[in-house]
Amino acid sequence: MQDPELITRRDWLAGAAAVACGAVSQTVKATSTSPVKPKSVAAVVSIYEPKTHADVLIGKILEGWKQDGGAGPALKLSSLYVDQVSDRDLSRRMAAKYNVPIFDSIEQAVTVGSDRIPVDGVISIGEHGNYPFNEKGQQLYPRRRFFREITDTFQKYHRVVPVFNDKHPGPVWNDAKWMYDRAQQMKVPFMAGSSLPLTYRKPEINVPMGGGLEAAVGIGYSGLDIYGIHALECFQCLVERRQGAETGVEWVQYLEGDAMWETLDNGLVSEDVFNAALAVVPKVRQGDVREDPDAGLFLFKYNDGFLGALFMLQSVNRTSVALKLKGQQQPLATQFEEREEPAHPHFAYLLKAIERMIHTGQPSYPVERTLLTSGILDRALNSRFQDAKKLMTPELAIRYQPVDYPHAPLPDLAANPSQPLAK
């Protein structure tokens with residue numbers, strides 16, 4: 001759905017006089033708080049309303065890390081495409097305030113209405129909005145369409161720049177794999193994923209890279225698709241640190257009811273590790289967790305034999321992961337916090353990783369992690385749709401080398417994004 005009152009390039013150029021007469025400029029703000037010259041980005045978003053992902057990511061480029069007019073990333077928003085416009089839309093007001101042109105096509109946004117690609121990167125946010133669901137409960141956000149039109153523009157104008165895709169590509173597996181393959185073929189620096197692997201953790205735990213890992217259990221909450229990817233990425237960002245990882249997943253299965261709890265009773269999944277994960281998340285329902293009528297289990301086996309178990313519960317309202325390290329008697333467990341103030345800060349740390357990619361031309365961490373979790377989620381939802389059938393997944397033999405990228409409160413948001421991370 002398109003808004004008939006789009007800000008055209010002519011309107012944008014005409015508005016430059018207002019900036020000269022004293023309107024606040026995001027470029028001035030960025031350069032006044034950082035010695036680093038800002039890189040320009042185009043944003044392609046599904047919808048831009050208060051507290052949507054577009055607001056808490058793009059809003060930080062425009063108004064600073066805390067969205068209070070203070071210091072922000074060394075990025076400048078050069079253009080905007082908004083797929084759907086509602087009566088709660090923020091994009092028109094923000095674009096007018098910060099002199100950003102809104103275009104009615106993705107190609108125009110990426111080219112900023114010109115005959116070339118002048119931007120240094122593209123942020124694609126296909127999250128929130130009025131989009132249909134399929135029979136498996138996946139909301140069919142236009143992430144593949146956005147990425148196709150972005151990369152078609154790269155081909156047409158013979159220039160490639162880094163692209164960030166919010167949350168998981170797809171969400172359907174075939175679309176996710178198509179997006180990944182196209183990025184590989186075109187040599188597009190490509191990142192994707194959730195903000196939660198970068199958020200604050202409570203308590204802080206030390207999981208060494210390349211260490212021995214005996215067991216891991218994750219707990220997620222809310223919708224299987226929309227929040228399942230958050231929980232899987234939190235799980236994967238820790239278990240990928242095990243020795244020899246990552247080589248992908250051999251099979252995936254979805255269980256519920258008695259079948260899911262039997263995995264604890266028969267020892268397939270460690271009850272001690274599950275209890276440790278459960279202990280660090282807040283509860284919204286008292287009583288025996290096994291009485292949760294909407295609980296489900298994503299069960300999956302990695303190619304190296306390690307077992308993944310992620311319990312999706314409606315009796316909690318946060319995500320956690322517990323791990324049993326070799327040589328340690330007690331499991332370690334942590335909650336992935338979702339602080340709301342100031343301005344959902346976990347998205348500031350996600351944007352810091354995006355900023356680093358746009359300045360260096362290299363992803364801050366491997367997109368393969370998000371591709372793998374996207375595949376696990378899609379296959380789990382397929383298993384659920386097929387009456388808990390165990391699905392063999394040779395397509396998920398996804399290898400990558402994890403990196404030790406920091407989470408909140410590191411890295412320093414004011415750090416130079418073109419320089420190596422401080423250890």
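The paragraphs below lead through a predicted model of a protein chain, from its overall dimensions to its sheets, its helix packing and a few features of its backbone.

The secondary structure of the chain comprises 12 helices and 14 strands. Its radius of gyration is 22 Å, close to the 22 Å that the globule rule gives for 423 residues, so the chain is as compact as a globular protein of that length. Taken along the principal axes, the box filled by the C-alpha atoms has dimensions of roughly 70 × 45 × 40 Å.

One of the sheets is open and is built from 6 strands, which follow the order S3-S2-S1-S4-S5-S6 with parallel pairing. Its edges are formed by strand S3 (102–103) and strand S6 (190–193), each of which pairs on one side only. Strand S5, spanning residues 163–166, is joined to S6 in the parallel sense over 4 bridges, and within this part of the sheet Asn 165 stands opposite Ala 192 of S6.

Another open sheet contains 8 strands in the order S7-S13-S12-S8-S11-S10-S9-S14, and here the pairing is mixed. Strand S7 (201–202) and strand S14 (391–392) are the edge strands, each pairing on one side only. Strand S8 (residues 213–221) and strand S11 (residues 307–313) pair in the parallel sense over 4 bridges, with Gly 220 placed opposite Met 312 in S11. Helix H9 (residues 258–265) packs on this sheet, where it touches strand S9 (249–256), strand S10 (296–302) and S11, and its direction makes about 115° with that of S9. Helix H10 (residues 271–279) also packs on the sheet, touching S8, S11, strand S12 (319–325) and strand S13 (332–336), while its direction makes about 40° with that of S8.

The crossing in which H3 passes H11 is right-handed. From H3, the residues His 53, Val 56, Leu 57, Lys 60 and Ile 61 meet Phe 347, Ala 348, Leu 350, Leu 351 and Ile 354 of H11, and the residues of this contact divide into 8 nonpolar, 1 polar and 1 charged.

A further helix pair is formed by H8 (residues 228–239) and H12 (residues 367–385), which pack at an angle of about 130° with their axes 9 Å apart; that angle makes H8 oblique to H12. H8 passes H12 in a right-handed crossing. The contact involves residues of H8 including Gly 228, Ile 229 and Leu 232, together with residues of H12 including Arg 369, Leu 372 and Ile 376. By class, the residues of the contact between H8 and H12 comprise 6 nonpolar, 5 polar and 2 charged.

Some details of the backbone remain. The peptide bond from Gly 170 to Pro 171 is cis, with omega near 5°, and Pro 171 lies in the loop between S5 and helix H7 (173–186). The bond from Leu 410 to Pro 411 is likewise cis, with omega near -5°, and Pro 411 is placed in the segment after S14. His 158, in the loop between helix H6 (143–157) and S5, has phi near 60°, a positive value in a residue other than glycine.

Definitions and conventions: Residues are numbered from 1 along each chain as its sequence is written. This is a predicted model: local features need pLDDT of at least 70, side-chain atom pairs count only at pLDDT 80 or more; totals for chains, interfaces and linings use all residues. Side-chain values use heavy atoms; hydrogens and water are left out. Two strands pair if DSSP finds at least two bridges between them. Helices (H or I, at least four residues) and strands (E, at least two) are DSSP runs, numbered from the N terminus. Axes are lines fitted to C-alpha atoms, for helices over the stretch in contact, and angles run from 0 to 180 degrees between N-to-C directions. Angles under 35 degrees count as roughly parallel, over 145 as roughly antiparallel, 65 to 115 as roughly perpendicular and the rest as oblique. A crossing is left-handed if the near helix is turned anticlockwise from the far one by less than a right angle, and right-handed if clockwise. Contact means heavy atoms within 4.5 Å. Ala, Val, Leu, Ile, Met, Phe, Trp, Tyr, Cys and Pro count as nonpolar, Asp, Glu, Lys and Arg as charged, and the others, Gly among them, as polar. The radius of gyration is taken over C-alpha atoms; the globule rule is 2.2 Å times the number of residues to the power 0.38.
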